[in-house]
Amino acid sequence: MRAARLIKLVLLLQARPSMTGPELAQELEVSERTVARDVLSLSEAGVPVYADRGRSGGYRLIGGYRTRLTGLGRSEAEALFLSGVPSALREMGLADAASAARLKVSAALLPELRDAATGAAQRFHLDAPAWYQEPRTPALLPAVAGAVRDDRRITARYLRKDTEVERQLEPYGLVLKAGVWYLAARAQGDFRVYRVDRFTAVEVPDGGEDGAQGPTGGGGRFLRDEAFDLPAFWAERAAQFARSLLREEVVVRLSAHGVRRLPHVTERAAAEEAIDAARSGDGPDAQGRLTVRLAVESAEVAYAQLLGLGPEGEILHPPALRERFAAAARRTAALYA
């Protein structure tokens, strides 16, 4: 374990100009004192690790030192081949590049690890689209993906409800969610999310290949905000979107089995939040039933979802929804009379 940690420490410093003790401790999942001991061990072994003191100090490798400890183990090689989603790469126009990269990695592996690619592919597969949906690749996805890779601004026209609008966008990243592609882009200083299949036209300025950038980015390019974190941004926006759909509230009295079933018939996060709030409040009643206040998209959606609870859930509020459930229960009872 320690040998692997020392190798990882060297590779981290090789990939970055400098890292602080707390940064290395977080990456290596150890204490800062352990980092200091590891650095001392590396120095004694002849690895030129230098420590800068002071508030802006940190650890760095000196003299352009490069380690040759780049051999891959079997699990590492298999993980590398699993890191690309073939269908997503193909849709973005990167299938040839990904294939070439896999061939180069395979050629560099030890002979006994050459089967890592096929071994991983035969054991793990990602099927991104949701059930009962025919996946469709947006025609403009390759153009958008190219702009994302090159940090190039785009002029995009897209459908917003029944209106086509045009925007100047700085495309930061693409997300594939349940078979649907989304673009995270900055427009007028704010980060927003756009469905790629709603784009009707995308123009990418041809600014040459020199990559020169002025104060706001030259050659059609923009200066990327290095603090932007795509996974964190997407997680936050996805949570906001899910919450925005839940505009109404129903009150449900649940049996113990109904409590276990609720997250499976309605929005999981809302169900778990409602259950936790009820348990920390009054808790179960004398019959062991728990009354929860559940956020739902609408009464119509709540009716369709909560019917799945059957007799394990009783609607208390709103009255109109309770009566609708009562009528459904009477019709069901009549069927089995």
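Axes are lines fitted to C-alpha atoms, for helices over the stretch in contact, and angles run from 0 to 180 degrees between N-to-C directions. Helices (H or I, at least four residues) and strands (E, at least two) are DSSP runs, numbered from the N terminus. The model is predicted, with local features requiring pLDDT of at least 70 and side-chain atom pairs counted only at pLDDT 80 or more, whereas totals for chains, interfaces and linings use all residues. Residues are numbered from 1 along each chain as its sequence is written, and side-chain values use heavy atoms, with hydrogens and water left out.

Helix H1 (residues 2-15) packs against helix H2 (residues 21-28) at an angle of about 130°, the two axes being 11 Å apart. H1 and H2 are therefore oblique to each other, given that angles under 35 degrees count as roughly parallel, over 145 as roughly antiparallel, 65 to 115 as roughly perpendicular and the rest as oblique. On the H1 side, Arg 5, Lys 8, Leu 9, Leu 12 and Leu 13 meet Leu 24, Glu 27 and Leu 28 of H2, where contact means heavy atoms within 4.5 Å.

Although Lys 8 and Glu 27 are 19 residues apart in sequence, their C-alpha atoms are 9.2 Å apart in space, and the side chain of Lys 8 reaches the backbone oxygen of Glu 27 at 3.3 Å.

Elsewhere in the model, 5 strands form an open sheet in the order S6-S5-S4-S3-S7, with antiparallel pairing, two strands being paired if DSSP finds at least two bridges between them. The edge strands, each pairing on one side only, are S6 (190-195) and S7 (199-203). Neighbouring strands of this sheet are turned by 45° against each other on average, direction ignored. Strand S3 (residues 154-160) pairs with S7 in the antiparallel sense over 4 bridges, and Ala 156 has Val 202 in S7 as its bridge partner.

Helix H8 (residues 141-150) lies across S3, S4 (163-177), S5 (180-187) and S7, running at about 70° to S4. Helix H9 (residues 230-245) also packs on the sheet, touching S4, S5 and S6, and its direction makes about 75° with that of S6. In the loop between S7 and H9 is Arg 221, which counts as buried at 10% relative accessibility. A polar atom of the Arg 221 side chain lies 3.3 Å from the backbone oxygen of Asp 150.

Conventions:
Polar contact = N/O pair within 3.5 Å; in protein donor to acceptor, adjacent residues only side chain to side chain. Buried < 20%, exposed > 50% of the residue type's maximum accessible area, 1.4 Å probe, protein only.
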